[in-house]
Amino acid sequence: MPEPVTTTIDVNGHPCRVWTKGSGPRMGFLAGLGGLPRWLPFLDRLAERRTVIAPSLPGYPGATGHTELDTHLDWILAMRQIVDGAGLAGADLVGASVGGAFAAEMAAIFPGHVRRLALIAPFGLFDDQELAADPWAQRKDVLPGLMCADGANWNELVAAPEGANSVEWPIEMTRASEAAARAFWPLGNTRLEKRLGLISAPTLILWGDRDAILPPSYAGKFAQGINNGINGAARVETVENAGHLAYLDQPDAVARAVLGHFA
Amino acid sequence: MKLMWFHLMPYTELPEDFNRKHPSVWVDIHSSLFDPKRAHHMYNDFMDELEYAAELGYDAVCVNEHHSNGYGLMPSPNLIASSLARRTTDTALCVMGNSLALYNPPTRVAEEFAMIDCISGGRLIAGFPVGSPMDTCYAYGQNPSLLRERYLEAHDLVKRAWTEKDTFAFNGRYNQQRYVNIWPRPIQNDPHPPIWIPGGGSVETWRWCAEMDYVYCYLSYYGYKAGLTTMQGFWNEMEKLGKDRNPYRAGFLQFVGVAESRQQALDLYTEPAEYFYGRCLHVDARFATPPGYTTEATQRAGIQSMVSKAANTASYSSKLSLKATNMKDIVDGGYVIVGSPDEVVEQIRHVATSLNVGHLMLLLQYGNMSKDTTKYNTRLFAEKVMPKVKDLFGDWEDKWWPKPMDKGQRAAVPAFRPQTVAAE
């Protein structure tokens with residue numbers, strides 16, 4: 001398969017990279033923790049059937065500008081600019097982890113912008129009775145096993161590719177973590193529950209059965225909240241042998257589920 | 001030179017198996033280890049020690065701020081400084097300091113520091129640290145990506161609150177206040193109390209201190225050998241910026257243990273030093289690097305200069321990886337200066353001149369050092385070391401020292417004498 005096409009859009013005066021690949025109806029992907037330091041097999045699976053558009057979010061690899069964003073409203077308006085700028089208005093949207101929280105916000109606040117929605121272990125809620133893990137307070141050797149069921153998948157995501165700048169690469173990876181922290185510190189709780197009821201797009205919620213960051217039980221909370229739980233607007237599917245970034249652990253199964261939902 | 005007596009106020013009774021049984025002295029240290037009735041005695045011993053140091057003629061007594069921390073029992077150093085303001089007369093009160101971004105609104109710092117300055121007759125040194133990752137981002141939940149911007153804005157607000165004569169509106173990015181008008185106001189109003197900045201070794205901090213004309217303080221627990229690279233970096237930067245080498249632009253922290261002989265010093269100070277470097281610095285590495293706490297410029301400098309990585313970055317993880325925990329390595333590494341008075345004199349003169357530091361902050365209590373040993377260390381240093389090092393830097397003017405009210409104008413503070421009611 002050919003490489004994705006790279007374009008750049010301007011968000012608040014900062015460049016955001018947009019990767020596009022495939023053909024067919026457009027669909028967007030907002031990545032999870034770590035962002036998209038490289039193209040993924042998961043996106044190739046999607047691109048076999050659809051035109052996949054994967055914009056970088058501010059501060060994640062391929063984009064800067066997180067330092068302009070102080071409030072949650074700032075972040076949501078940046079997402080609106082990104083979705084519009086990437087040509088994703090009205091398209092299907094899949095978001096994972098931190099990107100999942102923003103995808104849910106888009107569907108809630110700008111319902112005309114999201115046709116069908118898929119969320120992979122999205123951030124945004126916090127349950128005092130069942131704590132999410134703290135992704136920003138982990139020893140380096142522990143982190144990969146929290147991100148993925150197979151920690152090697154996380155290591156592969158963030159490993160410096162051949163020829164990468166050995167000084168700037170680790171700084172970029174830290175910046176991605178900072179960008180996530182800037183929007184979700186300290187608990188990952190953006191009070192998204194207040195807005196889930198506004199989501200009317202048919203929604204698929206995917207959760208890795210071995211998610212060590214956000215407990216899989218959070219899937220039910222999303223399902224209950226979306227469209228106030230009316231008309232079965234949201235459906236939950238568990239991904240076997242997958243961790244928080246399920247699309248890294250089980251790219252085929254996650255892509256199949258997403259494509260089925262968007263069909 | 002100025003010799004300043006610094007207290008961290010460590011909890012002195014962490015169990016021997018602390019490191020094995022507990023992941024961290026900071027952030028999530030378990031409450032079962034804290035006995036408030038023992039802490040009653042610790043606080044009172046520590047405050048006695050600070051007052052004792054003031055009586056013996058140290059130029060300043062110093063306190064600092066930590067949260068959820070087994071080696072620093074001062075979430076509010078201002079409470080201690082306030083007490084010291086009443087129980088000391090001429091000693092400078094160095095609050096080193098208040099982590100500005102943790103106060104909401106930050107005008108609280110302007111107010112409390114003004115109170116201490118008024119009560120003490122103008123003896124306050126106002127320290128403004130960003131604060132460690134453990135204190136700010138974890139114990140206090142501050143967003144690491146916003147911390148420095150909030151800190152800088154809070155600094156602007158506090159300074160304006162001290163210096164503007166009329167009520168003003170503050171329209172900041174993070175703080176908005178329609179009516180800023182603090183009462184009381186500091187005695188030191190020309191233009192404000194001296195501001196000192198404790199920081200890691202980042203070039204940005206050095207430049208900012210130079211631009212604002214503040215004292216830069218390197219408060220490392222790892223002594224003068226590890227501190228040399230940082231202080232050389234600081235002075236090189238000052239030279240580039242066209243600033244003089246006035247040693248009073250800088251402060252430095254140094255642990256000391258003095259006794260009649262080197263062997264006696266080792267006998268006395270090994271246990272408290274090993275307690276400090278072993279148990280007190282047992283910090284879980286997962287609390288060391290919240291993303292965004294260290295600026296990208298500092299990360300870049302740290303990655304690029306592997307040679308001086310330990311001393312040259314503000315990264316706590318690299319500092320923690322430095323540590324030695326047995327007395328031989330602690331002494332060899334220069335973390336703690338030990339010896340007879342003459343040996344300590346020689347080393348202190350070396351530290352002061354090689355680092356070119358006019359404000360030496362001494363830790364003469366550390367770890368589980370008892371009050372008796374602390375007083376002995378403090379007295380011997382005052383009597384036998386201080387007179388032989390005070391002459392250093394006599395040619396330079398300390399423009400960053402408090403300017404209190406004239407002694408004759410200051411309130412007489414009577415000694416505390418409890419009224420005992422005769423039971424007979």
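Helix α3 of chain A, residues 97-109, has 13 residues that should span 18 Å at 1.5 Å a residue, and its end C-alpha atoms are 19 Å apart, which agrees; the expected span is 1.5 Å times one less than the number of residues. Helices (H or I, at least four residues) and strands (E, at least two) are DSSP runs, numbered from the N terminus. This is a predicted model, in which local features need pLDDT of at least 70 and side-chain atom pairs count only at pLDDT 80 or more, while totals for chains, interfaces and linings use all residues. Residues are numbered from 1 along each chain as its sequence is written, and chains are lettered from A and ligands numbered from 1 in the order in which they are written.

**Helix α3 of chain A**

- α3(A) is mostly covered, with 12 of its 13 residues buried; a residue is buried if 20 or more other C-beta atoms, placed from the backbone, lie within 10 Å of its own, exposed if 12 or fewer, and partly exposed in between.
- The buried residues include Ser97(A), Phe102(A), Glu105(A) and Met106(A), and what covers the buried residues of α3(A) includes β3 (26-30), α2 (72-85), β5 (91-96) and α6 (168-184) of chain A.

**Helix α2 of chain B**

- The 20 residues of helix α2 (residues 36-55) of chain B should span 28 Å at 1.5 Å a residue, and the end C-alpha atoms of this helix are 28 Å apart, which agrees.
- In α2(B), Phe46(B), Glu49(B), Leu50(B), Ala53(B) and Ala54(B) are buried; seen down the helix axis, the buried residues fall within an arc of 140°, so they line one face of the helix, the arc being that of the directions from the helix axis to the C-beta atoms.
- Those buried residues pack against β1 (2-6), β2 (60-63), α3 (77-87) and α15 (371-385) of chain B, whereas the face turned away from the buried side carries the exposed residues Lys37(B), His40(B) and Asn44(B).
- Following α2(B) is Gly57(B), whose phi is positive, near 95°.

**The largest nonpolar core**

- Of the 216 residues in the largest nonpolar core, Met4(B), Val61(B) and Leu93(B) touch the most other members; such a core is a set of buried Ala, Val, Leu, Ile, Met, Phe, Trp, Tyr and Cys residues joined through C-beta atoms within 7 Å.
- Not counting residues up to four places away in sequence, Met4(B) touches residues including Tyr58(B), Cys62(B), Cys94(B) and His359(B), where contact means that C-beta atoms, placed from the backbone, lie within 7 Å.

**Where the chains meet**

- The contact takes 18 residues from chain B and 15 residues from chain A, and the largest share of the side of chain B that touches chain A, 5 residues, comes from helix α10 (residues 296-304) of chain B.

**Backbone features in loops**

- Most residues other than glycine have a negative phi, and most peptide bonds are trans.
- A cis peptide bond joins Trp185(A) and Pro186(A), with omega about -5°, and Pro186(A) is in the loop between α6 and α7 of chain A.
- A cis peptide bond also joins Trp183(B) and Pro184(B), with omega about 0°.
- Arg191(A), although not a glycine, has a positive phi of about 60°, and Arg191(A) is exposed, with 10 other C-beta atoms within 10 Å.
- Met9(B) has a positive phi near 60° and counts as buried, with 24 C-beta neighbours inside 10 Å.

Definitions and conventions. Contact = placed C-beta atoms within 7 Å.
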